[in-house]
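Here are my notes on the helices. Please read them with the model open.

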Amino acid sequence: MVGKLSANAQEELDTIVMARRKLDRIHGLVEQYATVGKGQDQLAIMIGRAGLELGRTLLGKGFGTMADQANQLGMLARRGGVTQSKIRGLRDYVASLRPALERADRPVLEKEAPAGGG
């Protein structure tokens with residue numbers, strides 16, 4: 001167990017928590033997009049905006065791979081095409097980002113662990 005964290009580590013953990021919240025919001029929007037008939041264009045815009053915002057948040061703290069996936073999610077939402085394949089792709093991006101964000105705090109905590117092992 002890690003005691004006090006450095007300011008940088010605490011900021012990275014806060015970023016991860018914020019990114020999880022944003023991903024939960026995106027997930028809700030994607031599921032809403034999948035179920036509504038009218039207004040899908042407006043939801044697609046909201047998903048795209050939220051995905052790009054998540055990408056900016058992650059990129060600002062050095063989580064480049066996850067930021068790329070979030071940006072691709074945002075771009076997919078804005079692209080045209082068949083709705084069912086778009087929904088499938090959006091769900092795949094959410095499903096791949098979720099475990100990545102769940103594991104992202106482990107390296108931050110390991111950096112903060114004492115070198116002697118306790």
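1. Contact means heavy atoms within 4.5 Å. Helices are DSSP runs (H or I, at least four residues), numbered from the N terminus. With those terms, the buried residues of H3 pack against H1, H2 and helix H4 (83-103).

2. The model is predicted: local features need pLDDT of at least 70, side-chain atom pairs count only at pLDDT 80 or more, and totals for chains, interfaces and linings use all residues. Residues are numbered from 1 along each chain as its sequence is written, and side-chain values use heavy atoms, with hydrogens and water left out.

3. Which residues of H3 are buried? They are Met66, Ala67, Ala70, Leu73, Gly74, Leu76 and Ala77. Buried means under 20% relative accessible area (1.4 Å probe, protein chains only).

4. Helix H3 covers residues 64-78, which is 15 residues. From first C-alpha to last, H3 reaches 21 Å, close to the 21 Å expected at 1.5 Å a residue. The expected span is 1.5 Å times one less than the number of residues.

5. Now the pair H1 (residues 7-35) and H2 (residues 40-60). Their axes come within 10 Å and cross at roughly 165 degrees. Axes are lines fitted to C-alpha atoms, for helices over the stretch in contact, and angles run from 0 to 180 degrees between N-to-C directions. So H1 is roughly antiparallel to H2 (an angle over 145 degrees).

6. Threonine 57 lies in helix H2. Is this residue buried or exposed? Threonine 57 is buried, with a relative accessible area of 16%. Beyond its neighbours within four places in sequence, threonine 57 is in contact with Thr15, Met18 and Lys22.

Conventions. Helix = DSSP H or I, 4+ residues; strand = E, 2+ residues; numbered from the N terminus. Parallel < 35°, antiparallel > 145°, perpendicular 65-115°, else oblique. Buried < 20%, exposed > 50% of the residue type's maximum accessible area, 1.4 Å probe, protein only.
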